[in-house]
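Biologist: I should like to learn how to read the features of a structural model, one at a time. Could we go through this case together?

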Amino acid sequence: MSAILGGTVDVDAMKPTDDLFGAGMTSHQTVQVMLGIEYEFDIEFTDGDLIESTFATIASMVRAVSART
């Protein structure tokens with residue numbers, strides 16, 4: 001995920017529940033993260049998943065992936 005965020009967010013220094021948007025993640029980066037997750041886990045997020053809270057924290061993304069696998 002660090003590569004996708006282009007060094008703007010130090011995910012290695014974050015806790016799973018830390019706010020990624022508060023740390024500087026942009027909406028464009030959110031889309032890149034979403035596509036990366038879909039590719040990596042061979043899943044597809046539903047329209048209902050495509051909300052800010054799904055991608056706000058590492059923990060929320062883990063929950064979203066767990067619901068799809």
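Modeller: The protein chain has 2 helices and 0 strands; helices (H or I, at least four residues) and strands (E, at least two) are DSSP runs, numbered from the N terminus. This is a predicted model, in which local features need pLDDT of at least 70 and side-chain atom pairs count only at pLDDT 80 or more, while totals for chains, interfaces and linings use all residues. Residues are numbered from 1 along each chain as its sequence is written, and side-chain values use heavy atoms, with hydrogens and water left out.

Biologist: What share of the 69 residues in the protein chain is buried?

Modeller: Buried means under 20% relative accessible area, exposed over 50%, and partly exposed in between (1.4 Å probe, protein chains only). Buried residues account for 35% of the 69 in the protein chain. The chain exposes about 4300 Å², of which carbon and sulfur atoms supply 54%; accessible areas come from the Shrake-Rupley method with a 1.4 Å probe, and for residues only the protein chains shown count as cover.

Biologist: How does one check the span of α1?

Modeller: The expected span of a helix is 1.5 Å times one less than its number of residues. For the 15 residues of α1 this gives 21 Å, and the end C-alpha atoms are 21 Å apart, which agrees. Just after α1, D42 takes a positive phi of about 50°.

Biologist: Against which element do the buried residues of α1 pack?

Modeller: Packing is read from contacts, meaning heavy atoms within 4.5 Å. The buried residues of α1 are Q29, T30, V33, M34, I37 and E38, and they pack against α2. In α2 (residues 58-68), the buried residues are A59, S60, M61, A64 and V65, and these pack against α1 (27-41). By contrast, L35, also found in helix α1, counts as partly exposed because its relative accessibility is 47%.

Biologist: Which residues touch the most other members of the largest nonpolar core?

Modeller: In soluble globular proteins, nonpolar side chains tend to be buried together. A nonpolar core is a set of buried Ala, Val, Leu, Ile, Met, Phe, Trp, Tyr and Cys residues joined through side-chain atoms within 4.5 Å. Here the largest one has 14 residues, and V9, L20, I37, F45 and M61 touch the most other members. Both α1 and α2 supply at least two residues of this core. Leaving aside neighbours within four places in sequence, I37 is in contact with D42, I43, F45, M61 and V65.

Biologist: How many aromatic pairs does the structure hold?

Modeller: A pair of aromatic rings is described by the distance of the centres and the angle of the planes. Rings of Phe, Tyr and Trp (its six-membered ring) pair if their centres lie within 6.5 Å; planes under 30 degrees apart count as stacked, over 60 as edge-to-face and the rest as tilted. The structure holds 1 such pair: F45 and F55 are edge-to-face, at 5.3 Å centre to centre and 75° between the planes. Both F45 and F55 lie in the loop between α1 and α2, so the pair ties together parts that are 10 residues apart in sequence.

Biologist: Are F45 and F55 buried or exposed?

Modeller: F45 counts as buried at 5% relative accessibility, and F55 is buried with a relative accessible area of 3%.
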